[in-house]
Amino acid sequence: ARYRAGEGWHDARLTRYAPLQLDPSAAALHYAQSIFEGLKAYAQPDGTVATFRPEANAARFARSATRLAMPPVPAESFLAAVDALVDADRDWVPTGPDQTLYIRPYMLAVEPFLGVRPAHEYLFIVIASPAGAYFPRGVQPVSVYLSEDYIRAAPGGTGDVKCAGNYAASLLAQEQALAAGCDQVVWLDATEKRYVEEMGGMNLFFVRGSGADAELITPELTGTLLPGITRESLITLARELGHTVTERRFDVEEWRSGVEDGSITETFACGTAAVITPVGQVRARTGDFTVGDGTPGPLTMALRSHLLDIQHGRTADAHGWLHQVR
Ligand code: PMP
C-alpha cells in the first residue's frame, strides 16, 4: 500500500514478487526512514495455516512508525496484508516438521527530496520466504562476544523499536564477533557498559538454580532493547510452569560469577527466527567463561519444545496466540 500526506493509505494490492522502482533521492535511501517486522506462519496438524501473535507485530510496527515520524499502518490493515499474502502463498507447503513461512512486513519513505525532514510519501510492503530449520545440525549452544567497542542503542535513541538503522549500526560489531570466532554479539548498556541488554536479533534469559525451583532473569525493558514477542511469550509460559521470572538489570559480572559458582545454570536467547538458542561460550575482554557443560540446558529445551508445540498446533493454544489464516 502507498501513503501520501493528505490522501492517507491507498492502493493496497497483491502483486507478483518483483524489483521495486525507487527514485534515487527516495528519503529512505539517505536517512534510513525505514522500519520492519518479522513473524512466522505455521502449518497446523489439521491442514490450516496460522500466524503467531500477529497483533503484537502490528502494535510494535505502529510504535516503530511513530518513533521514526512515519504514519502508523492501522492494525487492521497490517493484519489484512499479512493474511492476504499467506493466503496467496498457497504453493507454500512445509516439507518438514521445522518448516515455516517467514513474513517480513516493512515500510520505507519513498518521497524524492534531499532535505532532512519526515517524508510525505511511504510504501508499506509485505514479503514472505520459506524458512527451514534454523539449526540444521540440531540445537547447539552459540558462542557470544561481549561488544565493548560499540553500543547498539543509547537512552532516548531507537533501541526499543525495529528500524533499519539499528541493524546498520550493529553490523561492524557482528563482524568483530565473527572475527573473534563467535557466532553472535551480545550488547551492553550505553551508560555503564556493564548491564547485558540483548543479542544480535534476540532477547536473553538467565537461569538461576535448577529443577522446578529454577528462576529466570531477563533484562528489563529500559528503552534500549527491543521488546521481543518471543520474550514476552516465554515470560508467560515460564510463570505458568511455576517458575519465578524477574525482569531486571543484569550485570555481566553477575553472569560471570554466577556461572563460576554454579548458581547460573543456563543462558538462552530467544526470537522469532531461532525460537530459543542456548548460549555456551562467552568471550569478554575481562576473560572468557562457559555456561553449563556445553550442552543445551533442561529448562532451555523444555521451554523451547513448549513454545514450538504451541506454534505448530501440537498442544492447546490456551492464550489464543495463533491466528488462523487459511
Ligand atoms: N532483539 C532484536 C534486536 C531483534 O531484532 C529481535 C527480532 N525481532 C528480537 C530481539 C526478538 O524479537 P521477537 O521475539 O519479537 O522476534
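Analyst: In sorting residues by side chain, Ala, Val, Leu, Ile, Met, Phe, Trp, Tyr, Cys and Pro count as nonpolar, Asp, Glu, Lys and Arg as charged, and the others, Gly among them, as polar. This is a predicted model, in which local features need pLDDT of at least 70, side-chain atom pairs count only at pLDDT 80 or more, and totals for chains, interfaces and linings use all residues. Residues are numbered from 1 along each chain as its sequence is written.

User: How do the residues of the shell around the ligand divide into nonpolar, polar and charged?

Analyst: The division is three nonpolar, seven polar and two charged residues. The shell consists of Gly38, Glu198, Gly201, Met202, Asn203, Leu226, Gly228, Ile229, Thr230, Arg231, Gly271 and Thr272, each counted as near the ligand because its C-beta atom, placed from the backbone, lies within 6 Å of it. Helix H6 supplies the largest share, three residues. Helices here are DSSP runs of H or I with at least four residues, strands are E runs of at least two, and both are numbered from the N terminus.

User: Why is Lys162 called buried?

Analyst: A residue is buried if 20 or more other C-beta atoms, placed from the backbone, lie within 10 Å of its own, exposed if 12 or fewer, and partly exposed in between. Lys162 has 22 such neighbours, and therefore counts as buried. Lys162 lies in the loop between strand S8 (142-146) and helix H4 (164-168).

User: Which residues does Lys162 touch, not counting those up to four places away in sequence?

Analyst: Lys162 touches Ile35, Phe36, Glu37, Arg60, Ser64 and Leu226; contact requires C-beta atoms, placed from the backbone, within 7 Å. Leu226 also belongs to the shell around the ligand.

User: What feature does UniProt place at Lys162?

Analyst: The unreviewed UniProt entry gives "modified residue: N6-(pyridoxal phosphate)lysine" for Lys162. Positions from UniProt follow the numbering used here, feature names are shortened, and annotations may be inferred rather than shown by experiment.

User: Why does His312 count as buried?

Analyst: His312 has 20 C-beta neighbours inside 10 Å, so the residue counts as buried. His312 sits in the loop between helix H8 (298-311) and strand S17 (322-324).

User: Arg53 or Arg137: which is buried and which is exposed?

Analyst: Arg53 is buried because 20 other C-beta atoms lie within 10 Å, whereas Arg137 is exposed because its number is 6. Arg53 occupies the loop between S5 and helix H2 (54-67), and its phi is near 50°, a positive value in a residue other than glycine. Arg137 is placed in the loop between strand S7 (121-131) and S8. The C-alpha atoms of Arg137 and His10 are separated by 45 Å, the two residues being 127 residues apart along the chain.

User: What makes Val275 a buried residue?

Analyst: With 24 other C-beta atoms within 10 Å, Val275 is classed as buried. Val275 lies in strand S15 (residues 275-283) and has a positive phi of about 65° although it is not a glycine.

User: What makes S12 and S13 a pair of strands, and in which sense do they run?

Analyst: Two strands pair if DSSP finds at least two bridges between them. Strand S12 (residues 215-219) and strand S13 (residues 245-248) are joined by four, and therefore qualify as a pair; they run parallel. Leu216 has Val245 in S13 as its bridge partner. From S12 the chain passes through helix H6 (residues 229-240) to S13 in a right-handed β-α-β crossover, a term that applies if, with the strands pointing away from the viewer, the path from the first strand over the helix to the second runs clockwise.

User: Where is a positive phi found in the hairpin of S4 and S5?

Analyst: Gly47 in the turn has a positive phi of about 95°, and five residues separate S4 from S5. S4 and strand S5 (residues 49-52) pair in the antiparallel sense over three bridges, and Ala43 has Val49 as its bridge partner.

Notes. Two residues are in contact if their C-beta atoms, placed from the backbone, lie within 7 Å.
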